[in-house]
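Morning, everyone. Please bring up the model on your screens. I'll talk about the ligand and the space around it.

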Amino acid sequence: MSGEPPSAKPWIPARLTLPALTKAAKGCEGCELYARATQTVFGEGSAAARVMLVGEQPGDKEDLDGHPFVGPAGRVLFQALEDAGVDRQSVYVTNAVKHFRFEERGKRRIHKKPAAVHITACLPWLEAEIQVLRPDFVVCLGATAAQSLAGSTVRVLRDRGKLLPNPWATALIVTVHPSSLLRMPDRSQYQEQYDLFVRDLKLINQRAA
Ligand code: URA
Ligand code: SF4
């Protein structure tokens, strides 16, 4: 296989169901990230979900836990969904990249953004999830998910909340990543950005009620 770019493709099962994908993804070695991470963190939610939310990659807590959005970013995300009037049971949550990329600083593992090569390698999983779910609405949370599904010319702050063209003919929007809110320097900026995030998420109700 030398010379071929890293890809999850050889691990994608022939039969596309969520349980089959989840199981197969546990063994993925499609790029280098599997080697240092604890485990694959696959998407979760009902197969009947009409809405798919796509984050960047599992964080430290998700890596240890094995489930997406169980850490601080997830708390912001699920609160914002509730405030936007979106039922948590109606969404499927996943990530553009399924293994945690990090740098070690002493005992701490510091999140490191996935590179283009990891995003591309992992895209077959995301595409398979979209094929199985056929969601009415896909929300890309932050630049990594946007790059993965809507291409590298999309700019989150410029294009947030717009319906963007995509190969799945699905209503697709980009918005900020919830962890960007956690980095706001003060309460009032947090509130302002949180309100904009909720406003973007409210678009879900218009398209996928
Ligand atoms: N951030 C993400 O992008 N995904 C998660 O699952 C958790 C934090
Ligand atoms: Fe496979 Fe994606 Fe993990 Fe890379 S990040 S090993 S492509 S599941």
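Start with the shell around ligand 1: G55, E56, Q57, G59, E62, P68, F69, N95 and H177. Each has a heavy atom within 4 Å of the ligand. By class, that shell has two nonpolar, five polar and two charged residues. Here Ala, Val, Leu, Ile, Met, Phe, Trp, Tyr, Cys and Pro count as nonpolar, Asp, Glu, Lys and Arg as charged, and the others, Gly among them, as polar.

A word on the source. This is a predicted model: local features need pLDDT of at least 70, side-chain atom pairs need 80 or more, and totals for chains, interfaces and linings use all residues. Residues are numbered from 1 along each chain as written, chains are lettered from A and ligands numbered from 1 in written order, and side-chain values use heavy atoms, without hydrogens or water.

Now the polar contacts, meaning pairs of N or O atoms within 3.5 Å. A backbone N or O atom of E56 lies 2.7 Å from a ligand 1 oxygen. A polar backbone atom of Q57 is 3.0 Å from a ligand nitrogen. In N95, a side-chain N or O atom is 2.6 Å from a nitrogen of ligand 1. The protein covers 93% of the 230 Å² of accessible area that ligand 1 has on its own, by the Shrake-Rupley method with a 1.4 Å probe.

Where does ligand 1 sit? In the largest pocket, with more than half of its atoms within 2 Å of the pocket's grid points. A pocket is an open set of points on a 1 Å grid over the protein atoms alone, where a 1.4 Å probe fits, with protein on both sides within 12 Å along at least five of seven lines.

Technical notes: A polar contact is a pair of N or O atoms within 3.5 Å; within protein, one must be able to donate a hydrogen and the other to accept it, and residues adjacent in sequence count only if both atoms are side-chain atoms. On a 1 Å grid over the protein atoms alone, a cavity is a set of points where a 1.4 Å probe fits but cannot get out, and a pocket is an open set with protein on both sides within 12 Å along at least five of seven lines; lining residues have an atom within 4 Å of a point.
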